[in-house]
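Here are my notes on the model, as numbered points. Please read them with the structure open.

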Amino acid sequence: MPSILVAATALAGLTLFVYFLLTVVGIIANAKGELSKDYSLTKTGAPPPAYVGNIGRNFVNLLEMPVLFYALVAFHLASSIAVSPTQLMLAWAFVALRYLHTLVHITANPLGLRFLLHRAAAVVLVVMWV
């Protein structure tokens, strides 16, 4: 398996883990009566508790910018262009930053640090594409 694909698999694994975590936490929050049916159906009721909402928003984050990462990985795999050591290092930096962003987002969630990690990952991704 090409090593850049391992990085993409690690990111996909994080996304699947966060989805699983969201499911489990959502079931528990629902059993405790912390989730509004109206909010779930129409976004008009009381919003979910922060610990549920943060995981949900993080899951959405993992479906947005990483699409460009997966596209770049697919491009490398489909083309005859070899992945340079620099490109591989950047790929792993992007994945590591996304892991750190997730950890921050679903735990203490300090906005400044979360923003910094998200933007740093974006810069790495731009450099990878350039």
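1. I begin with a single side chain. At 1% relative accessibility, H101 counts as buried, because the cut-off for buried is under 20%. The model is a predicted one, and this value is computed from its atoms.

2. H101 belongs to helix α5. Leaving aside residues up to four places away in sequence, H101 touches N58, N61, R114, L117 and H118.

3. Helix α3 covers residues 50–61 and helix α5 covers residues 85–106. The two pack at an angle of about 160°, and their axes are 9 Å apart. Helix α3 is therefore roughly antiparallel to α5, since angles over 145 degrees count as such. The crossing of α3 and α5 is right-handed.

4. The next residue is S3, whose place is in helix α1, residues 3–31. Is S3 buried, exposed or partly exposed? At 37% relative accessibility, S3 counts as partly exposed, because the value falls between the cut-offs of 20% and 50%.

5. S3 and V83 are 80 residues apart along the chain, yet their C-alpha atoms are separated by 8.7 Å. Not counting residues up to four places away in sequence, S3 touches L88 and W92.

6. As to the fold as a whole, the secondary structure of the protein chain comes to six helices and zero strands. Read from the N terminus, the elements run α-α-α-α-α-α. The C-alpha trace spans about 55 × 30 × 20 Å along its principal axes.

7. Among contacts between residues at least 6 apart in sequence, 71% join residues at least 24 apart. The contacts of S3 with L88 and W92 can be read alongside that figure.

8. On burial and surface, the protein chain has 130 residues, of which 35% count as buried. The chain exposes about 7500 Å², and carbon and sulfur atoms supply 74% of that area.

Technical notes:
Residues are numbered from 1 along each chain as its sequence is written. This is a predicted model: local features need pLDDT of at least 70, side-chain atom pairs count only at pLDDT 80 or more; totals for chains, interfaces and linings use all residues. Side-chain values use heavy atoms; hydrogens and water are left out. Axes are lines fitted to C-alpha atoms, for helices over the stretch in contact, and angles run from 0 to 180 degrees between N-to-C directions. Helices (H or I, at least four residues) and strands (E, at least two) are DSSP runs, numbered from the N terminus. Angles under 35 degrees count as roughly parallel, over 145 as roughly antiparallel, 65 to 115 as roughly perpendicular and the rest as oblique. A crossing is left-handed if the near helix is turned anticlockwise from the far one by less than a right angle, and right-handed if clockwise. Buried means under 20% relative accessible area, exposed over 50%, partly exposed in between (1.4 Å probe, protein chains only). Contact means heavy atoms within 4.5 Å. Accessible areas come from the Shrake-Rupley method with a 1.4 Å probe; for residues, only the protein chains shown count as cover.
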